[in-house]
Amino acid sequence: MAQLRIEIPEEVSLALRLPPEEAESELRKELALALYARGILPFGKARLLAGVGVREFAEMLAARQIPRHYSEDDLQIDLDYAQRSQ
């Protein structure tokens with residue numbers, strides 16, 4: 001698995017208003033939401049980065065009023081999959 005590491009200055013880390021045991025998880029969620037909102041990551045990969053399920057990530061997007069990126073091509077892919085699965 002390829003890994004990217006992001007170093008956060010200690011001054012910033014100490015300024016986070018989060019319990020230390022929650023900091024990494026919350027930062028991953030924030031990054032996932034931001035990258036999805038900018039169109040840098042698709043839904044599935046963003047939710048993996050956030051470490052949450054489909055429903056929870058969709059709820060996170062809704063809470064932030066971040067629109068879902070869902071094109072006609074996406075719809076066709078979903079319809080084709082549904083027909084094959086029957």
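**Reading the helices, core and exposure values**

Me: What makes up the secondary structure of the protein chain?

Reply: The protein chain has five helices and zero strands, and from the N terminus the elements run α-α-α-α-α. Helices (H or I, at least four residues) and strands (E, at least two) are DSSP runs, numbered from the N terminus. This is a predicted model, in which local features need pLDDT of at least 70 and side-chain atom pairs count only at pLDDT 80 or more, while totals for chains, interfaces and linings use all residues. Residues are numbered from 1 along each chain as its sequence is written, and side-chain values use heavy atoms, with hydrogens and water left out.

Me: Why is K29 called buried?

Reply: Buried means under 20% relative accessible area, exposed over 50%, and partly exposed in between (1.4 Å probe, protein chains only). K29 has 17% relative accessibility, so K29 counts as buried. K29 lies in helix α2. Leaving aside neighbours within four places in sequence, K29 is in contact (heavy atoms within 4.5 Å) with A50, V52, E56 and M60. Of the 86 residues of the chain, 16% count as buried.

Me: Which residues make up the largest nonpolar core, and what makes a set of residues a core?

Reply: A nonpolar core is a set of buried Ala, Val, Leu, Ile, Met, Phe, Trp, Tyr and Cys residues joined through side-chain atoms within 4.5 Å. The largest one has 11 residues: A32, L33, Y36, F43, A46, A50, V52, F57, M60, L61 and I66. The elements that give two or more residues to this core are α2 (20-37), α3 (43-50) and α4 (54-63). In soluble globular proteins, nonpolar side chains tend to be buried together.

Me: How do you know that F43 is buried, and which residues is F43 in contact with?

Reply: F43 has 13% relative accessibility, so F43 counts as buried. F43 is placed in helix α3. Apart from neighbours within four places in sequence, F43 is in contact with Y36, V54, F57, A58, L61 and R68. F43 and Y70 are 27 residues apart in sequence, and their C-alpha atoms are 9.4 Å apart.

Me: Which residues is A50 in contact with?

Reply: With neighbours within four places in sequence left aside, A50 is in contact with R28, K29, A32 and F57.

Me: Why is L18 called partly exposed?

Reply: The relative accessible area of L18 is 32%, so L18 is partly exposed. L18 lies in the loop between α1 (10-15) and α2. Neighbours within four places aside, L18 is in contact with A23 and E26. L18 and I40 are 22 residues apart along the chain, and their C-alpha atoms are separated by 26 Å.

Me: What makes Q65 and A2 exposed?

Reply: Q65 has a relative accessible area of 72%, so Q65 is exposed. Q65 is in the loop between α4 and α5 (72-84), and its phi is near 55 degrees, a positive value in a residue other than glycine. A2 has 78% relative accessibility, so A2 counts as exposed. A2 is in the segment before α1. A2 and K45 are 43 residues apart in sequence and 14 Å apart in space, C-alpha to C-alpha.

Me: How many positive and negative side chains does the protein chain have?

Reply: There are 11 positive and 15 negative side chains, and the centres of the two sets lie 3 Å apart. Lys and Arg count as positive and Asp and Glu as negative, while His and the chain ends are not counted. The place of a charge is taken as NZ of Lys, CZ of Arg, CG of Asp or CD of Glu.
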